[in-house]
Amino acid sequence: MSKLKDLGTPVFWAEGHPGRLDRDRWEVEVTGLCKNAKIFHWHDLISMPKTIADARLTSVTRFSVRGKWGGVRIADMLEAVGVLDTAKYVRFWSTRKVYDTSITVDVATRERTLLAYEFDGEYLEEDYGGPVRVFIPYLWGYKSAKSVVKIVLMDHYVPGFWEQRGYTDDAHIEAGNVRDMNEGGRIRPIPDGEVIRFLDE
Ligand SMILES: Nc1nc2c(c(=O)[nH]1)N[C@H]1C(S)=C(S)[C@@H](COP(=O)(O)O)O[C@H]1N2
Ligand SMILES: [Mo]
């Protein structure tokens with residue numbers, strides 16, 4: 001069990017659940033338009049400065065879950081590999097490389113965009129994208145790729161798994177109602193953009 005599970009957070013694996021994943025042997029390759037392509041091992045990631053974002057993951061399927069997402073800033077990872085000025089997009093690949101999604105370098109380097117390994121102080125389990133997943137509070141959840149194994153810096157955009165199936169490329173969160181998982185699925189209205197409305201409650 002975990003906090004995310006206790007809250008009844010839906011588990012999405014469009015490509016099928018990956019099963020058990022080995023945290024201690026996890027590797028994330030960062031490559032593409034950078035000076036020093038690099039493989040980050042699990043122990044590298046947890047030795048890097050940890051950022052905690054108290055923020056919401058909000059799905060286009062209209063649920064939203066808030067907690068303290070902990071991990072490494074994507075900005076810190078890009079700095080570590082020496083991202084080039086020509087890199088404009090960041091592509092994330094999930095384990096088994098069926099699911100991918102891309103965002104701008106601009107959003108990737110924002111303060112609360114993380115390669116997350118924790119939620120409320122617990123390591124993420126496989127259901128929720130452990131050992132490490134992208135967490136982007138600013139955009140619809142389909143940009144927050146789970147169980148990430150590869151990050152590619154690119155000068156052009158490529159539509160990902162869900163974008164090819166009709167979800168928008170920019171994933172801008174649109175006003176409407178969401179089920180707030182922190183409130184037992186209570187239906188609440190959200191405005192346009194990042195869901196920060198229920199953070200102070
Ligand atoms: N690999 C992978 N990552 C994924 C998905 C998926 O199907 N496969 N679903 C996305 C969608 S649509 C959302 S809303 C969030 C949901 O995260 P959760 O399953 O941890 O609740 O993960 C995103 N990342
Ligand atoms: Mo979603």
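**Figure 1. Arg188 of strand E12 is the bridge partner of Val178.** The model shown is predicted: local features need pLDDT of at least 70 and side-chain atom pairs count only at pLDDT 80 or more, whereas totals for chains, interfaces and linings use all residues. Residues are numbered from 1 along each chain as its sequence is written, chains are lettered from A and ligands numbered from 1 in the order in which they are written, and side-chain values use heavy atoms, with hydrogens and water left out. Strand E11 (residues 176-180) and strand E12 (residues 186-190) pair in the antiparallel sense over 5 bridges; strands (E, at least two residues) and helices (H or I, at least four) are DSSP runs numbered from the N terminus, and two strands pair if DSSP finds at least two bridges between them. The two strands form a hairpin with 5 residues between them, and Gly184 in its turn has a positive phi of about 65°. Arg188 counts as buried at 7% relative accessibility, where buried means under 20% relative accessible area, exposed over 50% and partly exposed in between (1.4 Å probe, protein chains only). The side chains of Arg188 and Asp180 are joined by a polar contact of 2.8 Å. Such a contact is a pair of N or O atoms within 3.5 Å; within protein, one must be able to donate a hydrogen and the other to accept it, and residues adjacent in sequence count only if both atoms are side-chain atoms.

**Figure 2. Strand E11 also pairs with strand E4 (residues 63-73).** This pairing is parallel and comprises 2 bridges. Phe63 stands opposite Arg179 of E11. Arg62 is placed in the loop between strand E3 (51-58) and E4. The phi of Arg62 is near 75°, a positive value in a residue other than glycine. With 24% relative accessibility, Arg62 counts as partly exposed.

Figure 3. Of the 19 residues around ligand 1, the nearest are Pro10, Ala14, Glu15, Arg133 and Lys146, a residue being near if one of its heavy atoms lies within 4 Å. Oxygen atoms of the ligand face polar side-chain atoms of Lys146 at 2.5 Å and of Arg133 at 2.8 Å. A polar backbone atom of Phe12 lies 2.8 Å from an oxygen atom of ligand 1. The protein covers 98% of the 530 Å² of accessible area that ligand 1 has on its own, as computed by the Shrake-Rupley method with a 1.4 Å probe.

**Figure 4. The peptide bond from Gly130 to Pro131 is cis.** Its omega is near -5°. Pro131 belongs to the loop between strand E8 (122-123) and strand E9 (133-135). The C-alpha atom of Pro131 is separated by 7.7 Å from that of Asp22, although the two residues are 109 apart along the chain. Asp22 is placed in the loop between helix H1 (3-6) and strand E1 (27-32). A relative accessible area of 38% makes Asp22 partly exposed. A polar atom of the Asp22 side chain lies 3.3 Å from the backbone nitrogen of Asp24.

**Figure 5. Strand E1 pairs with strand E2 (residues 38-41) and with strand E10.** E1 and E2 run antiparallel and are joined by 4 bridges; they form a hairpin with 5 residues between them. In this pair, Glu29 stands opposite Ile39 of E2. E1 and E10 pair in the parallel sense over 4 bridges, with Gly32 opposite Leu153 of E10. Ser147 lies in the loop between E9 and strand E10 (148-154). Its phi is positive, about 45°, although Ser147 is not a glycine. Ser147 is buried, with a relative accessible area of 0%.

**Figure 6. Strand E6 (residues 100-104) is largely enclosed by the rest of the structure, because 4 of its 5 residues are buried.** Strand E5 (residues 89-94) pairs with E6 in the antiparallel sense over 5 bridges. Phe92 stands opposite Thr101 of E6. The hairpin of E5 and E6 has 5 residues between the strands, and Arg96 takes a positive phi near 75° in this hairpin.
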